[in-house]
Amino acid sequence: MTGTKLRLDHDHCRLLLKQMLRVRRFEEKCAELYTREKIRGFLHLYIGEEAVATGIMQALGEEDAVVATYREHGHALLRGVPAGEIMAEMYGKQEGCSRGRGGSMHLFHAPTRFYGGNAIVGGGLPMAVGLALADKMQGKRNITVCFFGEGAAAEGEFHESLNLAALWDLPVLFVCENNLYAMGTALDLSESETDIHAKAASYKMPSEIVDGMNVVDVEVAARRSVDAIREGNGPVFLECRTYRFRAHSMFDPELYREKEEVKKWTEIGPIRRFQSWALEAGELNQTDIDAIEEEVALEVSEAVAFAEAGTWEPVTDLLHDVGAEART
Amino acid sequence: MSRTMTYREAMREAIREAMNADEKVFLMGEDVGHYGGCYAVSKGLLDEFGPDRIRDTPLSESGFTGAGIGAALGGMRPIVEIMTCNFALLALDQIMNTAATMRHMSGGQYHVPVVIRMATGAGRQLAAQHSHSLEGWFAHIPGLRVLAPATVADARAMLARALEDPDPVLIFENALLYNREGDVPDDLAAIDIDHASIRREGSDISLITYGGSLWKCMDAAEELAGIGVSAEVLDLRTLRPLDDAAIMASVAKTRRALIVDEGWRSGSLSAEIMSRIIEQGFWTLDTPPMRLCSAEVPIPYAKHMEEAALPQVSGIVDAARKLVGG
């Protein structure tokens, strides 16, 4: 892979920080709304991991496809799904991006080629392979980005998909978000080889480890990988090492990790770290940051208002969209 | 006008026709290319269409079935061949959690026009792990269409209709049928796969069946005719959604129902059909309906034991005689 230079000027720093803050503030609001029972079911927060999706999305074009997991609010937001539609989905309203049928774990959005939202660990990888196969067979230059956690590496679908993508030289960017815990099971309790990126080598797939707490590192790696994939060099595997600051879901009492460990990671949190750097480097000042916070707060409050004003799908529509109307 | 061919040839011709008609159609699966298909269905197609469109896959049922689903989402029209339904268990996550849910779960934004073909059934002394009849399981799942072509004509016609469907379609091909010969009419459009078909008219009892068991029922009906019992044979063809109207019409006419299904009895497709007859056709019945299913045992290897485990013509005749009071 060739080196890719990234120009970290004021505008770009502002963009990266804002994108990470959009996810952070949106999800903080989600957590609050969950305790107020506006959002129900499972809610998996991405807080702490924002640099990964933020950096990766910078490298994508409009026609590229995104496949994510059940921890995908951030990915949807960053891909361009309107915040109001995401929030309305979590409220279960029909104005939601999946008409209220999917909830937090199943966000879909065809206009941005956002393919969810898969709540089966590893289940999205074969789909990503297929989307890339379709693009390749149709002569399109699109790539498919597939996000998954390190827990997926224990699934057969992970290995089957890496093999297929490499065997057929498909344009897939595999992004492992290694947050060290598969729900509550630590990586060293579940994998004989804890170096996840090394597994790609058995499929002859180029891979690298990326500091997933550093948005710039992620963006640089993503741009380099996407360029290589678009040139027709087959799939690339990125292992982004990151950390989930919040519990696995709102039901998780977090008995499996020490508070000290969480504290250690939050100190190198992606937003804190990038914001301090940008301030020190003089690319951003406090006024910029205040303005970003204000813009983000407005977006979040408008999203909540949109969700609150949303309506319930009529129960008479219950059986809609199980199959095409003409055939059912 | 019609032509005679085998079930295997009918399937192959259907695939060839679909691939010639639409360049987005391709076939993928284990041994579909260089080997020519486990049951030789795709024999010769690799030379004709090349390895991109007759795509051999590794033994990764979940991976390549999911890839077929993804390719369908991406604008292609894949035909995924899973060698047998026994191996489809390894792809159940993709079929059930992704293909079947996508349209509804995405609020109608995405749909999955994938066709998944697989062989099904017992009767070749392949023992417990290669003899399942799992079509009833898949027919449990909303979001899927499940087809079971029993005749050569249906085998020839069903694929094109399945590929027209914007949603996932599963085709179960009973492996004992591949060598069977039959007539295929020139007018394939007239073959209506959405509705059950009366393969033999009768007035005393309805034999309700599908797939490989159809021919056992036809033989049984012939035998029954010899002893004065007029059996109607209804071929379901589509297992989901079931053609309730055709089932009820036949039962209303004959007033007796015997369901013949190679699946196991407990929690089965035959149980579903019987429930519907009770719910919708109870007052038309002269006698409680009956079922003939496989014995509740992993299918054994030894020939005499396997035969004993499966519905057979003699068993169908006996059950039918009991029902008509003979």
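**Backbone geometry, sheet and interfaces of the predicted model**

Ala40(B) is partly exposed, with 16 other C-beta atoms within 10 Å; a residue counts as buried if 20 or more other C-beta atoms lie within 10 Å of its own, as exposed if 12 or fewer do, and as partly exposed in between, with C-beta atoms placed from the backbone. The structure is a predicted model, in which local features need pLDDT of at least 70 and side-chain atom pairs count only at pLDDT 80 or more, while totals for chains, interfaces and linings use all residues. Residues are numbered from 1 along each chain as its sequence is written, and chains are lettered from A and ligands numbered from 1 in the order in which they are written.

Ala40(B) is found in the loop between β2 and α2 (45-49) of chain B; helices (H or I, at least four residues) and strands (E, at least two) are DSSP runs, numbered from the N terminus. The phi angle of Ala40(B) is near 65 degrees, a positive value in a residue other than glycine. Gln125(B), in the loop between β5 and α7 of chain B, likewise has a positive phi, near 55 degrees. Gln125(B) counts as partly exposed, with 15 C-beta neighbours inside 10 Å.

Chain B contains an open sheet of 7 strands with mixed pairing, in the order β3-β2-β4-β5-β7-β6-β12; two strands pair if DSSP finds at least two bridges between them. Strands of a sheet pair through backbone hydrogen bonds, either parallel or antiparallel. At the edges of the sheet in chain B stand β3 (54-56) and β12 (238-240), each with a single partner strand, so one side of each is left without a neighbour in the sheet. On average, neighbouring strands of this sheet are turned by 20 degrees against each other, direction ignored. Axes are lines fitted to C-alpha atoms, for helices over the stretch in contact, and angles run from 0 to 180 degrees between N-to-C directions.

Strand β6 (residues 145-147) of chain B runs antiparallel to β12(B) and is joined to β12(B) by 2 bridges. Within β12(B), Arg240(B) is the bridge partner of Val146(B). The peptide bond from Arg240(B) to Pro241(B) is cis, with omega near -5 degrees, and Pro241(B) lies in the loop between β12 and α10 (244-254) of chain B. Helix α3 (residues 61-73) of chain B lies across β2 (25-29), β4 (77-84) and β5 (115-120) of chain B, at about 160 degrees to β4(B).

A cis peptide bond is also present in chain A, from Gly116(A) to Gly117(A), with omega near 20 degrees. Gly117(A) belongs to strand β2 (residues 114-118) of chain A.

Chain B is divided into domain 1 (2-190) and domain 2 (197-323), with bounds from an automatic or database domain assignment. The centres of the two domains of chain B, taken over C-alpha atoms, are separated by 26 Å. The contact takes 24 residues from domain 1 of chain B and 21 residues from domain 2 of chain B; two residues are in contact if their C-beta atoms, placed from the backbone, lie within 7 Å. On the domain 1 side, α7 (135-138), β6 and β7 (169-174) of chain B each give two or more residues, and β6(B) gives the most, with 3 residues.

Between the chains, 32 residues of chain A are in contact with 34 residues of chain B. The elements of chain A that give two or more residues to this side are α5 (124-137) and α6 (156-167), and α5(A) gives the most, with 10 residues.
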